Amino acid sequence: MFGLKLKNILFILFGSAVFSFGIVHFNIQNNLAEGGFTGITLLLYFIFDWKPSITNLLLNIPVFLIGWKLLGRKSFLYTLIGTVGVSIFLEVFYIYQFSIPLSNDLFLAALFAGAFIGIGLGIIFRYGGTTGGVDIIARLAKKYIGWSMGRTMFIFDAGVILLSLLTYLNYREGMYTLVAVFVGARVIDFMQEGAYTARGAMIISPLQKQIADKIASEMDRGVTVLTGYGHYSKEQREVLYCVVGRNELVRLKNIITSVDPHAFVSVTDVHDVLGEGFTLDENKKPIDI
């Protein structure tokens, strides 16, 4: 319906549950703040005892209007599902919460808060949703100016945390909140970019044709031939470039070594890979991931 995928909806709801569990059991129970609209929700809870589930929805109503205009119908509907899902699970976990006594170990509480929030938001983002508020701004920043979601959210988080420090947080809780926010930002980036990382290999060898043929025949991976120029030798030579999955790197190295043990190989991390063998199958059809 409306072009939405059931799998995406289920994962967005699952991410909302993970996120909400972390907020209730690690942030609220240990008096830790948070950034963005969630941080404002917690601020209003600790100062006025307003229910987080209701406040979360009320704060996001204006953002929904922006999201509809800028994100399109499908992304907006996924955002609506994520936001409503968070409010529902916040209410459920708040009513049926169980005690996790970490008040004497705020460092551990901050690590778990950041991990749960980062994993939850990372899952939501990965399947096309947001939880409203700053999440929408983070998606727009990634789309239009290339900032990672974690980076954008960290900037907004800092402002909300500063406001929390001026109201209900003491300096100790504020410092551990920063730890939680930093961990959450890194986990979000990992979920977005590092959950699957490929490897890009630059291969320089006089036996480049034999290496390329063996990679193609034994690994079924494409190889791009680039023209290089040696500054010291003053000679032109062909350079091979190949992208493989992380679990295929050892096999690639073994193939190169078997042909030319003296080949020069440079390996780098590749976070986003589009095309056949990664996001497209052999028929050029999208792989459903």
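This is a predicted model: local features need pLDDT of at least 70, side-chain atom pairs count only at pLDDT 80 or more; totals for chains, interfaces and linings use all residues.
**Nonpolar cores and aromatic contacts**

In the largest nonpolar core, which comprises 45 residues, Ile 23, Leu 121 and Met 153 touch the most other members. The greatest contribution is that of H4, which gives nine residues. Another core, of 15 residues, lies apart from this one, and its members include Ala 201, Leu 240, Cys 242 and Ile 255. In soluble globular proteins, nonpolar side chains tend to be buried together.

A total of 13 aromatic pairs is found in the structure. Phe 26 and Phe 112 form a stacked pair, with a centre-to-centre distance of 5.5 Å and 20 degrees between the planes. Because Phe 26 belongs to helix H1 and Phe 112 to helix H4, this pair ties together parts that are 86 residues apart in sequence. With regard to accessibility, Phe 26 has a relative value of 4% and therefore counts as buried, the limit for that class being under 20%. Phe 112, at 37% relative accessibility, counts as partly exposed, since this class lies between the buried limit and the exposed limit of over 50%.

Key
Residues are numbered from 1 along each chain as its sequence is written. Side-chain values use heavy atoms; hydrogens and water are left out. A nonpolar core is a set of buried Ala, Val, Leu, Ile, Met, Phe, Trp, Tyr and Cys residues joined through side-chain atoms within 4.5 Å. Buried means under 20% relative accessible area, exposed over 50%, partly exposed in between (1.4 Å probe, protein chains only). Helices (H or I, at least four residues) and strands (E, at least two) are DSSP runs, numbered from the N terminus. Rings of Phe, Tyr and Trp (its six-membered ring) pair if their centres lie within 6.5 Å; planes under 30 degrees apart count as stacked, over 60 as edge-to-face and the rest as tilted.
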